[in-house]
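Thanks for coming, everyone. Please bring up the structure and the sequence, and I will walk you through a few places in turn.

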Amino acid sequence: MKTSQDNNIKGLFSNYFFKLDNDVQRSYEWNESNVIRFINDIIEKDEHFIGILLTANDDSGYKIIFDGQQRFTTSVLCACAVKNILEERGDKVSGYYAQNQNLLLYAIDENDELSYKLTLRDEDNGVLIKLIDNKQFETNEKKTIVYKNYIKILNELNRETTDTLKEFY
C-alpha cells in the first residue's frame, strides 16, 4: 500500500531507486514548452500534480519506470538545477535543505555505496550524472535533450530567489 509520503516528490525520491526499461521507455524527449510549463506549475502553485508514475519492482531493488519518465526526469533535472544554483550562489545548504537535496539525487545502496536515484538510457545517463555532480561537458553531450532542457531549467530557476528555490525541497 502506498503511503502519503509517496505522493510528493520528496517522498517518492527518498524511498526508491529508479531506472528505465530500455525495451519499453523511449529516450528523454520533452521539448522546451513542456519544461517551461512544468517549471511554471511548480513555482506558481502551492501544490503540483506531476501525474502518475507507473513502476514495477525489478530483482535488483530498483523501480522500473513504465510511464511518467518525462515528468520524473524533468523533476530530477530541476533538483540538479536548484542544487547547482544554490552552490553557485555560495548558499550553505544545510540541515533540512541539505538532507532533502541529497534524498532527491543520491542514496546509499545495499552495498553502502553512493548511488544515483535515477538511471537513464545510454548517453543520457552519463549527462545526468555530470549534471548531478556539476561536472564539465563534452561538445557532443551539450547536444542532448537532457543537457539542453537542464540549461533551460537552470536559466528559468536562476531568476528565482534563494528562498523560493529552497521551497522546491
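One term before we start: two residues are in contact when heavy atoms of theirs lie within 4.5 Å. Keep that in mind for Glu141. Not counting residues up to four places away in sequence, Glu141 touches Glu123, Val127, Lys130 and Tyr147.

Now, what you are looking at is a predicted model. How far does the confidence go? The average pLDDT of the protein is 78. A score of at least 70 is reached by 75% of the residues. Which helix has the lowest confidence, and which the highest? Helix α1, residues 9–15, is lowest, with a mean of 59. Helix α6, residues 145–157, is highest, at 94. Look also at residues 1–7, where the pLDDT is below 50. That stretch has seven contacts in the model beyond near neighbours in sequence. A word of caution here: where pLDDT is low, the predicted coordinates should not be read in detail.

Next, the overall layout. The protein has seven helices and six strands. Starting at the N terminus, the order is α-β-α-β-β-α-α-β-β-β-α-α-α. There are 169 residues, and 43% of them count as buried. Now take the contacts with a separation of 6 or more. Residues 24 or more positions apart account for 67% of them.

Let's turn to a helix pair. Find helix α3, residues 69–88, and helix α5, residues 122–133. Their axes come within 8 Å and cross at roughly 30°. An angle under 35 degrees counts as roughly parallel, so α3 is roughly parallel to α5. Which residues meet there? From α3 come Val76, Leu77, Cys80, Lys83 and Asn84. From α5 come Leu128, Leu131 and Ile132. Sorted by class, this contact has six nonpolar residues, one polar and one charged.

Move on to the loop between α5 and α6. Two residues there deserve a stop.

Asn134 is in this loop. Its phi is positive, about 55°, although Asn134 is not a glycine. Is Asn134 buried, exposed or partly exposed? Its relative accessibility is 43%, so Asn134 counts as partly exposed. Asn134 touches Asn84 and Glu87, leaving out residues up to four places away in sequence. Asn134 and Asn84 are 50 residues apart in sequence, yet their C-alpha atoms are 6.7 Å apart.

Buried or exposed? Glu141 has a relative accessibility of 11%, and buried means under 20%, so Glu141 counts as buried. Now compare sequence and space. Glu141 and Asp124 are 17 residues apart in sequence, and 8.4 Å apart from C-alpha to C-alpha.

Last stop: the aromatic rings. How many aromatic pairs does a search of the whole structure find? Two. One of them is Trp30 with Phe38. Their ring centres are 5.8 Å apart, and the planes stand at 65°. Planes over 60 degrees apart count as edge-to-face, so that is what this pair is. Trp30 and Phe38 are both buried.

That is the tour. Questions, please.

Definitions and conventions. Residues are numbered from 1 along each chain as its sequence is written. This is a predicted model: local features need pLDDT of at least 70, side-chain atom pairs count only at pLDDT 80 or more; totals for chains, interfaces and linings use all residues. Side-chain values use heavy atoms; hydrogens and water are left out. Axes are lines fitted to C-alpha atoms, for helices over the stretch in contact, and angles run from 0 to 180 degrees between N-to-C directions. Helices (H or I, at least four residues) and strands (E, at least two) are DSSP runs, numbered from the N terminus. Angles under 35 degrees count as roughly parallel, over 145 as roughly antiparallel, 65 to 115 as roughly perpendicular and the rest as oblique. Ala, Val, Leu, Ile, Met, Phe, Trp, Tyr, Cys and Pro count as nonpolar, Asp, Glu, Lys and Arg as charged, and the others, Gly among them, as polar. pLDDT is the predictor's confidence in each residue, from 0 to 100. Buried means under 20% relative accessible area, exposed over 50%, partly exposed in between (1.4 Å probe, protein chains only). Rings of Phe, Tyr and Trp (its six-membered ring) pair if their centres lie within 6.5 Å; planes under 30 degrees apart count as stacked, over 60 as edge-to-face and the rest as tilted.
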